[in-house]
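I opened my notebook next to the viewer and wrote down what I looked up, entry by entry. Have the structure open and follow along.

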Amino acid sequence: MSIHISREIDEALGDGWVRRRLTGFADDLHFRWRFWEAGGCVAATQEMQVVLDVLQTLQFTVSDAKTVAMLRVAGGHSAQMRRRTLCKQDGQLCVKAGSRLIPYVSTHVYLGAKISYARYEDLNVQHRLLAA
């Protein structure tokens, strides 16, 4: 099934897109983007919407609890980029991905590991100790 998903996403976003952006195991998918300017951020949020649309077209159930966005923005225009990319809905900070709002989180559990842009080693050790 994963080859079929990859082909469908590549068809929608361009040959090799999945190879550059996807890490996955079974039905857990993690997509990553790296950008250096506001245009890259806008493109990433548009691609997020396309990926979610493709998955739903393939009749996958997109889990609201697992579908989150982590974002690290730095530099002179970071405040402006955050304002363009983030919004609040029902008290939750969200990333605007086209017509979708994806909850923004600073940490997330992915395949049993706690991932984050800050202190991820400490957070992951704490998470593993609590799970033991």
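**Entry 1**

Is Gln59 buried or exposed? I looked it up, and Gln59 is exposed, with a relative accessible area of 74%. I noted first of all that I am working with a predicted model. Gln59 sits in the loop between helix 3 and helix 4.

I then went to Asp90, which is placed in the loop between strand 3 and strand 4. Phi of Asp90 is near 50°, again positive in a residue other than glycine. With a relative accessible area of 78%, Asp90 is exposed.

**Entry 1: the buried side of helix 4**

Next I asked which residues of helix 4 are buried. Helix 4 runs over residues 78–85, and I found Ser78, Met81 and Thr85 buried there. They cover an arc of only 60° around the axis, so they lie on the same side of helix 4. I jotted down the helix rule beside this: an α-helix has 3.6 residues a turn, so residues three or four places apart point the same way.

What covers them? I found that the cover over the buried residues of helix 4 includes helix 3 (38–57), strand 3 (86–89) and strand 4 (92–97).

**Entry 2: helix 3 against helix 4**

I followed helix 3 up from there. The axes of helix 3 and helix 4 come within 10 Å and cross at roughly 20°. The cut-off for roughly parallel is under 35 degrees, so helix 3 counts as roughly parallel to helix 4. I wrote the crossing of helix 3 past helix 4 down as right-handed.

Which residues make the contact? On helix 3, I listed Ala38, Cys41, Val42 and Thr45; on helix 4, I listed Met81, Arg84 and Thr85.

I stayed with Thr45, which lies in helix 3. Thr45 counts as buried at 8% relative accessibility. Setting aside neighbours within four places in sequence, I saw Thr45 in contact with Thr85, Val95, Lys96, Ala97 and Gly98.

Gln49 is also placed in helix 3. Is Gln49 buried or exposed? At 19% relative accessibility, Gln49 counts as buried, since the cut-off for buried is under 20%. Not counting residues up to four places away in sequence, Gln49 touches Ala97, Gly98, Ser99 and Arg100.

**Entry 3: the aromatic rings**

How many aromatic pairs are there? I got a count of three aromatic pairs. The rings of Trp17 and Phe31 have centres 5.8 Å apart and planes at 35°, so I put this pair down as tilted. Trp17 lies in helix 2 (residues 17–21) and Phe31 in strand 2 (residues 28–31), so the pair ties together parts that are 14 residues apart in sequence.

I checked how covered these two are. Trp17 is buried, with a relative accessible area of 1%, and Phe31 counts as buried at 17% relative accessibility. The rings of Phe31 and Trp33 have their centres 6.4 Å apart and their planes at 35°, so that pair is tilted as well.

**Entry 4: Asp10 in helix 1**

I moved to Asp10, placed in helix 1 (residues 2–13). Asp10 is buried, with a relative accessible area of 17%. What does Asp10 touch, not counting residues up to four places away in sequence? I found Asp15, Gly16, Trp17 and Val18. I also noted Val51: Asp10 and Val51 are 41 residues apart in sequence and 9.6 Å apart in space, C-alpha to C-alpha.

**Entry 5: Ala69 in the loop**

My last stop was Ala69, in the loop between helix 3 and helix 4. Ala69 is buried, with a relative accessible area of 7%. Leaving out residues up to four places away in sequence, I have Ala69 touching Val95, Ile102, Pro103, Tyr104 and Val105. I also took a distance to Asp15, which is 54 residues from Ala69 along the chain: their C-alpha atoms are separated by 24 Å.

Key
Residues are numbered from 1 along each chain as its sequence is written. This is a predicted model: local features need pLDDT of at least 70, side-chain atom pairs count only at pLDDT 80 or more; totals for chains, interfaces and linings use all residues. Side-chain values use heavy atoms; hydrogens and water are left out. Buried means under 20% relative accessible area, exposed over 50%, partly exposed in between (1.4 Å probe, protein chains only). Helices (H or I, at least four residues) and strands (E, at least two) are DSSP runs, numbered from the N terminus. The arc is that of the directions from the helix axis to the C-beta atoms. Contact means heavy atoms within 4.5 Å. Rings of Phe, Tyr and Trp (its six-membered ring) pair if their centres lie within 6.5 Å; planes under 30 degrees apart count as stacked, over 60 as edge-to-face and the rest as tilted. Axes are lines fitted to C-alpha atoms, for helices over the stretch in contact, and angles run from 0 to 180 degrees between N-to-C directions. Angles under 35 degrees count as roughly parallel, over 145 as roughly antiparallel, 65 to 115 as roughly perpendicular and the rest as oblique. A crossing is left-handed if the near helix is turned anticlockwise from the far one by less than a right angle, and right-handed if clockwise.
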